[in-house]
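Good morning, and thank you for coming. Please look at the sequence and the structure on the screen while I take you through a few of the features.

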Amino acid sequence: MTESWEGDTTAAWAARWGIPRLEVHERIGSTNDRARELAEAGADPFTTVIAEEQSAGRGRDGRRWESPPSSGLWMSVVAPGQDASGRLLVPLRVGLAVCRAIERAAPGVRAGIKWPNDVQVEGRKLSGILCEAGAGAVVIGVGINVRQGALSPELSSVAVALEEVADGLVDRAALAGRVLFELRELVTQGPVVLDEALGRELAERDVLRGRRVAAGVGGTGIARGINRDGALLLEIGPGDVRHVVAGHVKIHDQ
């Protein structure tokens with residue numbers, strides 16, 4: 001664990017961002033695993049873990065997440081626990097927070113959400129989100145590709161780094177601070193809902209809406225938006241709209 005990051009001390013960043021604790025690691029297995037340990041030890045909400053490199057970074061269903069050194073923002077945040085009704089909505093609200101933060105850190109970039117937990121720019125994946133419940137809290141993992149040239153060749157066609165689409169270099173500390181600010185706005189104690197305003201924003205950012213997709217659980221059809229409970233609405237045929245609540249989705253209209 002290091003006591004400084006991006007030109008200042010971890011204590012100074014924590015104070016500036018208004019969070020109770022910040023840990024920064026040069027190399028760690030998984031920031032989510034470390035944040036879970038802190039949550040189990042009674043860490044306060046918005047305790048944050050950042051790593052320069054993850055050796056065992058992961059996405060949903062244990063999929064590997066590439067986290068090369070100093071190339072992105074790999075962070076996990078201990079958030080207030082939620083009841084079962086918020087299971088689908090928390091990742092979507094985190095996705096909105098990440099989209100807003102990206103657009104503030106890189107003006108001119110427009111970010112969208114690919115249900116249930118990816119953030120895309122120009123049709124390629126920029127960020128992944130992993131929310132895990134435990135110890136009366138939700139651990140929110142956010143990975144954002146930032147630096148150009150950091151992605152492996154096999155990922156370059158489906159993933160993108162923020163600096164590839166931004167008008168210059170991106171300040172990772174400013175990006176992290178903005179993610180935390182937006183998370184405080186969108187992921188708080190109490191019931192998680194998708195009100196009318198957030199529903200409109202989500203619809204505007206929904207990259208699947210109107211496209212033919214194949215859902216791992218639910219079949220193949222036209223994505224018709226996201227329901228107020230966070231389910232993907234999938235039209236299989238006339239009058240047959242299914243609510244997809246789990247699994248991966250692939251776009252099939254390309």
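I begin with a group of aromatic residues: Trp5, Trp13 and Trp17 are linked into a cluster by ring pairs. Before the details, please note that this is a predicted model, in which local features need pLDDT of at least 70 and side-chain atom pairs count only at pLDDT 80 or more, while totals for chains, interfaces and linings use all residues. Residues are numbered from 1 along each chain as its sequence is written, and side-chain values use heavy atoms, with hydrogens and water left out.

A pair of aromatic rings is described by the distance of the centres and the angle of the planes. Here, rings of Phe, Tyr and Trp (its six-membered ring) pair if their centres lie within 6.5 Å; planes under 30 degrees apart count as stacked, over 60 as edge-to-face and the rest as tilted. The structure holds three aromatic pairs. In one of them, the ring centres of Trp5 and Trp13 are 6.4 Å apart and the planes stand at 70 degrees, so this pair is edge-to-face. Why is the pair of Trp13 and Trp17 stacked? Their centres are 5.3 Å apart and their planes lie at 25 degrees, and therefore the pair is stacked.

Are these residues buried or exposed? Buried means under 20% relative accessible area, exposed over 50%, and partly exposed in between, with a 1.4 Å probe and protein chains only. Trp5 counts as buried at 4% relative accessibility, Trp13 is buried with a relative accessible area of 11%, and Trp17 counts as buried at 8%.

Helices (H or I, at least four residues) and strands (E, at least two) are DSSP runs, numbered from the N terminus. Trp13 and Trp17 are four residues apart in helix H1 (residues 10-17), and so about one helical turn separates them. The charged end of Arg16 sits over the ring of Trp13, 4.4 Å from its centre; this requires NZ of Lys or CZ of Arg within 6 Å of the ring centre and within 35 degrees of the ring normal.

I now turn to the sheets. Strands of a sheet pair through backbone hydrogen bonds, either parallel or antiparallel. Two strands pair if DSSP finds at least two bridges between them. Seven strands make an open sheet with mixed pairing, in the order S3-S4-S5-S9-S8-S7-S6. Its edge strands, each pairing on one side only, are S3 (22-25) and S6 (112-114). Four bridges join S3 to S4 (residues 48-51) in the parallel sense, and Glu23 stands opposite Val49 in S4.

A further open sheet has five strands, ordered S13-S12-S11-S10-S14, with antiparallel pairing. At its edges are S13 (240-244) and S14 (249-251), each of which pairs on one side only. Strands S10 (residues 212-215) and S11 (residues 219-226) run antiparallel and are joined by four bridges. The bridge partner of Arg212 in S11 is Ile222.

Finally, consider Asp118, which is found in strand S7 (residues 118-121). Asp118 counts as buried, at 14% relative accessibility. Which residue joins its side chain to that of Asp118 through a polar contact of 3.2 Å? That residue is Lys125. A polar contact is a pair of N or O atoms within 3.5 Å; within protein, one must be able to donate a hydrogen and the other to accept it, and residues adjacent in sequence count only if both atoms are side-chain atoms.
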